[in-house]
Amino acid sequence: MAKIRKTKRSSFAFQTFTATQLLVYLSHKQTGGASFAKGYNYEATFALKNIAEAADVYFELGIDADFKTQCPGYFVDDLVIETPNTINCFQLKNKKFIQWGRGRKGSLAFDFAYQLRQPQSKLVDLCLVVPSVKVARRLAQKKPITLSSCSVLAFPAKNFVDLIKDGDISDSLSKIANSSNPPFDRLVQIAKLLLANWMFCGGNSKISSLLSVDLQPFIRSSQPNHNALSRLRPKVAGILSGLPHFKYSIDRGFFHCVYGGTTYQSLAFDCFSSEFDTVQDWIEQNAPSQFPGDFERMMNTWSKG
Amino acid sequence: MNIRSFTANADNRSRELIAAIFNPKTSTDAYRKAMYQLGQRLGLVLASKIPQGKNNECCVACTVEDADYLAAGFIEALEQSRQDLAIHLACFWNEPSFDAHDMKEFDVSRIIKTYKEPTGDKSYLIVLKSIISGGCVVATNITHLIGTMNPEKIYIVAPLMLSDSPKRLRKHFGQLVRRFDYINLATDSERARGVNVYQSYGWQDADDKNVAVPKIVELRRERLIGGSATS
């Protein structure tokens, strides 16, 4: 998306209004849009993809984005993502027939043009989101010249399970899972929990808050994996390496293992936790010689959330 | 008030067994035996449903609490009546489901462990559970399996199913439900009160059953490891 540094007056026939009239217009506009009363919708699934991507940035760079919907003072406001340096504003239209309009109040062209006119101290990106590539292409071609810096994006209107299955949001969700190659069900559960947290907070939350409720056993550690690897004691690594048909790995900060190519499990806590020290203490003290038996039952205990 | 109806798959013995598993006076041993026998009955029903064909394979997916009883009886009956069919087992250790923020559409049941025998991509999938009510555990386990296989038919099999379970699963899976076939012995109009499957099986609670390693898993797994070691 292009960065907008300067706004221009439109050549379209934009209606002009007083500040009071614009405030009334915005207050009416913000009663529509994302409503969660009937369950999740197009806006929520689009937010989900962006939440997952912002969560990855949060883990990697520590930038805690602020997610908002229906923001006071915004004309393009179905989803607004604000970081210390940037503001991304998205308008979503899940319809068959979508037009920019000629600049009259209520048209997309009007909202985008007025959003561009707002003074901002940060870099602002404006984006229109529509359900099909064909519609996105047509709208990009017919975009008013004054909105040339705005982008048009296609995002499919499907339920979140199909979005994951069809690969529309699976990469974004995979980035924050507790293993590099998460099974399908884990992505679905991460999606459910993020959507539930997003809807519960009414579409206004920081990423750190969205990640703090119920997601812990499903998502990656915030610390780099090489730090997690260094937490594994050499003696414990030696015992585990000697177990027949047993393989283990430390990935995304979590301990994962497979026995006999058929039995898969992961610890419910990351390698930085005191619980992981307890696991290592047990392994050192008991020095298991095989996975089946006491060690497997202990692993079952430790795998519970 | 709960209304229980029996399907054409239920014979008189199945009716007695279902009554027994809902009787609080039934002992742990008798409960386990009843589940084993209900599994056998369902295995026979499935044996006549799965199409005949060369290189037929099926994956029987169960939860840890059902593995040594319902699933063991089911597999035994299916193996005996369909020797043309290669049967593979998948067993799931699920945490109890919960609705995130009390929102029913966001029901979550974390899988904490899986045992999964190698299965062909096109195998028939049979998802077995003692009682299907909310459908969350079943939905989670199917979701896990269809991530790595593409079954043309998914049989959802249970002695007892709640009447609105198919509706809940339809909401979760969308178009995929066209591949679903529900096989049960009885249908309840609402959730039966006062019956805890884990405790009836002899565990204290969900945590307790998730520590267990079923005998059927131990035996089949060692057989597989032995087979791969000698081949």
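Hi everyone. Let me start with a definition: a residue is called buried under 20% relative accessible area, exposed over 50%, and partly exposed in between. Take Asp277(A) as the test case: its relative accessible area is 25%, so Asp277(A) is partly exposed. Please keep in mind that this is a predicted model.

Let's stay with Asp277(A) for a moment. Which residue does Asp277(A) form a salt bridge with? The partner is Arg231(A), and the closest N and O atoms are 3.0 Å apart.

Now a contrasting pair, over in chain B. Arg110(B) and Glu95(B) form a salt bridge through their side chains, at 3.4 Å from N to O. Arg110(B) is in the loop between strand S5 (107-108) and strand S6 (111-116) of chain B, and Glu95(B) is in the loop between strand S3 (86-94) and strand S4 (98-99) of chain B, so this pair ties together parts that are 15 residues apart in sequence. Are these two residues buried or exposed? Both Arg110(B) and Glu95(B) are buried.

One further pair from chain B is Arg168(B) with Asp164(B), a salt bridge whose closest N and O atoms are 3.6 Å apart. Arg168(B) has 35% relative accessibility, so Arg168(B) counts as partly exposed. Asp164(B), with a relative accessible area of 31%, is partly exposed as well. Going back to chain A, salt bridges with shared partners join Arg231(A), Arg233(A), Asp277(A), Asp281(A) and Glu284(A) into one network. Over all chains, the count comes to 24 salt bridges.

Next, the cysteines. How many disulfides does the structure hold over all chains? The answer is zero. Look at Cys71(A): the nearest cysteine sulfur is that of Cys89(A), 7.5 Å away, and Cys71(A) is in no disulfide. A disulfide would need the two sulfur atoms within 2.5 Å. Cys89(A) is likewise in no disulfide, with the sulfur of Cys71(A) as its nearest. With 3% relative accessibility, Cys71(A) counts as buried. Cys89(A), at 0%, counts as buried too.

On to the domains. Chain A is divided into domain 1 (19-215) and domain 2 (225-302). How far apart do the C-alpha centres of these two domains of chain A lie? They are 40 Å apart. As for contacts, seven residues of domain 1 of chain A touch four residues of domain 2 of chain A. The area buried between the two domains of chain A is about 470 Å², and carbon and sulfur atoms give 38% of that. On the side of domain 1 of chain A, Asn178(A), Ser179(A) and Ser180(A) lose the most area to domain 2 of chain A, together 77% of what that side buries. Across this domain interface there are zero salt bridges, but six residue pairs are in polar contact.

Last, the interface between the chains. Here 35 residues of chain B are in contact with 39 residues of chain A. The buried area between chain B and chain A is about 3200 Å², of which carbon and sulfur atoms give 60%. Which residues of chain B lose the most area to chain A? They are His101(B), Phe106(B) and Arg110(B), together 20% of what that side buries.

Between chain B and chain A the count is three salt bridges. Arg221(B) forms a salt bridge with Glu296(A), with the closest N and O atoms 2.7 Å apart. There are also 17 residue pairs in polar contact between chain B and chain A. If you'd like to find the contact surface in the viewer, S5, S6, helix H4 (136-146), helix H7 (206-211) and helix H8 (215-230) of chain B each supply at least two residues of the side that touches chain A. S6(B) gives the most to that side, with six residues.

Note on methods. Residues numbered from 1 in each chain as written. Chains lettered and ligands numbered in written order. Predicted model: local features only at pLDDT ≥ 70, side-chain atom pairs only at ≥ 80, totals over all residues. Heavy atoms only, no water. Buried < 20%, exposed > 50% of the residue type's maximum accessible area, 1.4 Å probe, protein only. Salt bridge = Lys/Arg side-chain N within 4 Å of Asp/Glu carboxyl O. Helix = DSSP H or I, 4+ residues; strand = E, 2+ residues; numbered from the N terminus. Domains from an automatic or database assignment. Contact = heavy atoms within 4.5 Å. Buried area = accessible area lost by both parts, 1.4 Å probe. Polar contact = N/O pair within 3.5 Å; in protein donor to acceptor, adjacent residues only side chain to side chain.
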